[in-house]
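Grab a pencil and work through these exercises with the structure open beside you. Try each task before you read its solution.

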Amino acid sequence: MGKSILAICRHAPYGNALAREGLEAVLACAAMDQIPEVLFINDGVFQLLEQNPEGIGEKNLRRNLQALPMFGVETLYVCQRSLETRGVDPDRLVIPGAELKLLQDTGEFIARFDQVLSY
Amino acid sequence: MQFTLVVYGAPHGSQGAATALRFARAVLASGHRIYRVFFYGDGIHNGSALAAPPQDEQDLLGQWQALQQEHQLDLTVCIAAAQRRGVLSESEASRLEKPAANLAEGFELAGLGQLAEAAALSDRTVTFGG
């Protein structure tokens, strides 16, 4: 026990079930007192935008995201270059209760962890 | 060294499923240990007993089962992901009042906590597919 764990969220919120299932795995790890750090990268940054998926019959992923701070995941890391290449303004990313930190060098960040879970 | 493998790739649909199997063999052949293989997302279909690929294609299920028997591998299928997609054990099928069970022999259903535990207890966690 006592390994540092990073969860990387790479998928847009509704195109692939791994977006939801990744956040569920993060919450499960946190519930077992192995609180991971969470990095949103590539299309995963779209998970942090305001969403309205009722029209396609999906549950809003926002509830899972908002649960993160309650489970001890208080900082959400976001790849700055992923935002830039997708034209996403960082001001549009808001998760109540969590601090957002933009990362310039995700490679250096990822290398710090013992284990990486990729979703 | 102790490994945990996480499989998101569906069998016969994603290369990741077959690569995971070959990686597992290579890990064991090199004298390392596998703590657990955790099937998640679409990867849970690897645990379906009903896959029936043509005879001239690789039988991934049979190969996982053979490897499991030979090395007493822990093949864990995430129960939440499996319920969504319809891979059920006898007890889950009866509890959920479904007409059939299809979890293959050698595989076990368990919760996501088993993934967290495996990551904590392994030297390496390697992900396939997704």
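**Exercise 1.** Find the bridge partner of A:L6 in β5(A), then work out how β5(A) sits in chain A.

*Solution.* Step 1: across from A:L6, the partner in β5(A) is A:V116. This is a predicted model, where local features need pLDDT of at least 70, side-chain atom pairs count only at pLDDT 80 or more, and totals for chains, interfaces and linings use all residues. Residues are numbered from 1 along each chain as its sequence is written, while chains are lettered from A and ligands numbered from 1 in the order in which they are written.

Step 1: β1 (residues 5-9) and β5 of chain A pair in the parallel sense, over four bridges. Strands count as paired if DSSP finds at least two bridges between them. The strands themselves are DSSP runs of E with at least two residues, helices are runs of H or I with at least four, and both are numbered from the N terminus.

Step 2: look along β5(A), residues 115-118, where the side chains alternate. Buried is 20 or more other C-beta atoms within 10 Å of a residue's own, exposed is 12 or fewer, and partly exposed is in between, with C-beta atoms placed from the backbone.

**Exercise 2.** In what order do the five strands of the chain A sheet lie?

*Solution.* Step 1: the order is β4-β3-β2-β1-β5, in an open sheet with parallel pairing. Step 2: β4 (99-103) and β5 of chain A each have a single partner strand, so one side of each is left without a neighbour in the sheet. Step 3: on average, neighbouring strands here are turned by 25° against each other, direction ignored. Angles like this run from 0 to 180 degrees between N-to-C directions, using axes that are lines fitted to C-alpha atoms, for helices over the stretch in contact.

Step 3: check one pair. β3 (residues 75-79) and β4 of chain A run parallel and share five bridges, and A:L76 stands opposite A:L100. As a reminder, strands of a sheet pair through backbone hydrogen bonds, either parallel or antiparallel.

Step 4: α1 (residues 18-31) of chain A lies across β1, β2 (37-40) and β5, at about 160° to β1(A).

**Exercise 3.** How many helices and strands does chain A have, and why does chain A count as being as compact as a globular protein of its length?

*Solution.* Step 1: count four helices and five strands. Step 2: along the sequence they read β-α-β-α-β-α-β-α-β. Step 3: the radius of gyration is 13 Å, close to the 14 Å that the globule rule gives for 119 residues, so chain A is as compact as a globular protein of that length. That radius is taken over C-alpha atoms, and the rule is 2.2 Å times the number of residues to the power 0.38.

**Exercise 4.** Where does B:A118 lie, and is B:A118 buried or exposed?

*Solution.* Step 1: B:A118 is in helix α5 of chain B. Step 2: B:A118 counts as buried because 23 C-beta neighbours fall inside 10 Å. Step 3: leaving out residues up to four places away in sequence, B:A118 touches B:T4, B:Y35, B:R36 and B:F38. Touching, or contact, means C-beta atoms, placed from the backbone, within 7 Å.

Step 1: zoom out to the helix. α5(B) lies across β1 (2-7), β2 (33-39), β3, β4 and β5 of chain B, at about 155° to β2(B).

**Exercise 5.** Which element gives the largest share of the side of chain B that touches chain A?

*Solution.* Step 1: 15 residues of chain B are in contact with 16 residues of chain A. Step 2: α3 (79-85), α5 (113-121) and β5 (124-128) of chain B each give two or more residues to this side. Step 3: α5(B) gives the largest share, six residues.

Methods: Two residues are in contact if their C-beta atoms, placed from the backbone, lie within 7 Å.
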